Amino acid sequence: CCCIGFGKYSYFYFYLFGAILTNTIKKEFYKIDSFILNRFLLLQSIYRYFSYILFGFIFNWILIRYLNKKKSNKDNNNEINRIELSRTKTLNTLIYNNILKFPKKDIFSCIFVCFVNVLHLESLKIVGYFKLGSLNIWTAHIGFVIIFMNIYYPQNIYKHQLYSMIFVIFLDTILIVALTFLNYNDNKNIYQVKGIILCNCVILYYISISFIFAYAEVKTKILIDRKYLSPYFIIILVGIIGFIVNTIVALIIEFYGDECNDLSETNINCYANISSYFNILKTIFNNNPKEFYIEIFFFSLFLMIFEFLNMTFAIFIYKYLNPGYLLFSDNIYFTFFSLINFFFIKKKFDSLSIKKFILSESSEIFELLAYLIYLELIELRFCGLNKNIRKNIEKRAEIDIEISGDVNNDNSINTDLIDESDEKEKNIERLSI
């Protein structure tokens, strides 16, 4: 279609694909009924953060060895490569700045963004566990990320970007709010079942945590880009903070909370229950050791690997792209897998489920289209909406360079060319007569 085209694709979009793939695999693992860990949500988080620590140290060690080997190879080169060697040494030193040598302000910032990352992940998980996830006004996160990116990485916002984001934030917010008024339980909406005060508090909390997390995402990019902090160090620190916080919470509830008699119950004691997990593992080990080893060395280890990889892709999206692209990868996942779930997995269709599907899927599709336009993967070639996309700005710059080059050449007067031009004009005049 002449009104729609496709923009440039970057090599770094590989990280988007990796984030979507690892996110898909880990979420599918959480749906396996035979995987015992799926019944223990707080313990899942502890496993996740432990994977950040374990594999973070391993990958960081491998990367440091690789760069040191590369640096030592350059040391053996001749004088021609000394300038490049000096630049590489400086870069390697900066990339692996020791956080203990940072100013206190930067150390605090690093700990803060890692803590907020943990707080955001656990908040979404707990609120979802108590079936309040429909109150998540996720469009606020989009707006906050754009605002903070333009504060710390100022750039012109052009028509195609501004209109697409206004469109998705305004329209999708209406659709999300409309979803909350549909039947939640016993022909009542969520406000009637949970209470208006609680629901409004949850909505305000979602918006507040989105604001803080959007800042933390952009700050993570700043720490990597400008403070030269290793991405793996951030992953490790998130893992340490998350592991400590969740372990303390689990132990407190284990010793001072009430007993969880049925894991299907929705209460904080069942959410944080860990002793039952080890009791079940012990029983399985005594009855069927093979099943025990499959649980520990296949399901759990496999899940930990993909949790770490998913976090790694997210951090590298911050580094090489920006946090907006991570939202885009999440949107792709939810758009296509909600379609698959509705048409191929869900067996019961009624008017209510169809209404919910249409509203939720419409919001995801509108968000997907807006991101494609904002990130210039799709060009709208009408009403001047493609005037200031990167590709056309580069073309205009090339033309300006050519014109300025021609002007410079014209300044060095060539009398032969002038005579030749005059002769051509005379011939044209004769022909016109």
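In this predicted model, helix H5 is mostly covered, with eleven of its 14 residues buried. The helix comprises residues 139–152 and reaches 21 Å from its first C-alpha to its last, close to the 20 Å expected at 1.5 Å a residue.

Helix H6 (residues 159–180) has 22 residues, and its end-to-end C-alpha reach of 32 Å is close to the 32 Å expected at 1.5 Å a residue. Its buried residues are His-160, Gln-161, Ser-164, Met-165, Val-168, Asp-172, Leu-175, Ile-176 and Thr-180. Seen down the axis of H6, these residues fall within an arc of 130 degrees, so they line one face of the helix. The buried residues of H6 pack against H5, helix H7 (190–194) and helix H14 (351–374).

Six salt bridges were counted in the model. A network of salt bridges links Lys-26, Arg-48, Glu-122 and Glu-307. Within this group, the side chains of Lys-26 and Glu-307 meet in a salt bridge at 3.3 Å, N to O. The pair links distant parts of the chain, with Lys-26 in helix H1 (residues 13–29) and Glu-307 in helix H12 (residues 289–320), 281 residues apart. Lys-26 and Glu-307 are both buried.

Glu-307 also meets Arg-48 in a salt bridge, at 3.6 Å from N to O. Glu-307 lies in helix H12 and Arg-48 in helix H2 (residues 41–75), so this pair ties together parts that are 259 residues apart in sequence. The relative accessible area of Glu-307 is 2%, under the 20% limit for a buried residue. Arg-48, with a relative accessible area of 9%, is buried as well. The charged end of Arg-48 also sits over the ring of Tyr-49, 5.4 Å from its centre.

Another salt bridge joins Lys-227 to Asp-106, the closest N and O atoms being 3.5 Å apart. Lys-227 lies in the loop between helix H8 (196–225) and helix H9 (231–256), and Asp-106 lies in helix H4 (residues 104–129), so the pair ties together parts that are 121 residues apart in sequence. Lys-227 counts as partly exposed, at 31% relative accessibility, whereas Asp-106 is buried, with a relative accessible area of 6%.

The structure holds 42 aromatic pairs. Among them, Tyr-129 and Phe-130 form an edge-to-face pair, 5.0 Å centre to centre and with 80 degrees between the planes. Tyr-129 is buried, with a relative accessible area of 14%, whereas Phe-130 is partly exposed, with a relative accessible area of 26%.

One aromatic cluster is formed by Phe-12, Phe-14, Tyr-15, Phe-55, Phe-59, Tyr-232, Phe-308, Phe-313, Phe-316 and Tyr-320. Tyr-320, a member of this cluster, also has Lys-319 over its face, at 5.1 Å from the ring centre.

Key. Residues numbered from 1 in each chain as written. Predicted model: local features only at pLDDT ≥ 70, side-chain atom pairs only at ≥ 80, totals over all residues. Heavy atoms only, no water. Salt bridge = Lys/Arg side-chain N within 4 Å of Asp/Glu carboxyl O. Helix = DSSP H or I, 4+ residues; strand = E, 2+ residues; numbered from the N terminus. Buried < 20%, exposed > 50% of the residue type's maximum accessible area, 1.4 Å probe, protein only. Phe/Tyr/Trp six-rings, centres within 6.5 Å; stacked < 30°, edge-to-face > 60°. Lys NZ or Arg CZ within 6 Å of the ring centre and 35° of its normal. Expected span 1.5 Å × (residues − 1). Arc of directions from axis to C-beta. Contact = heavy atoms within 4.5 Å.
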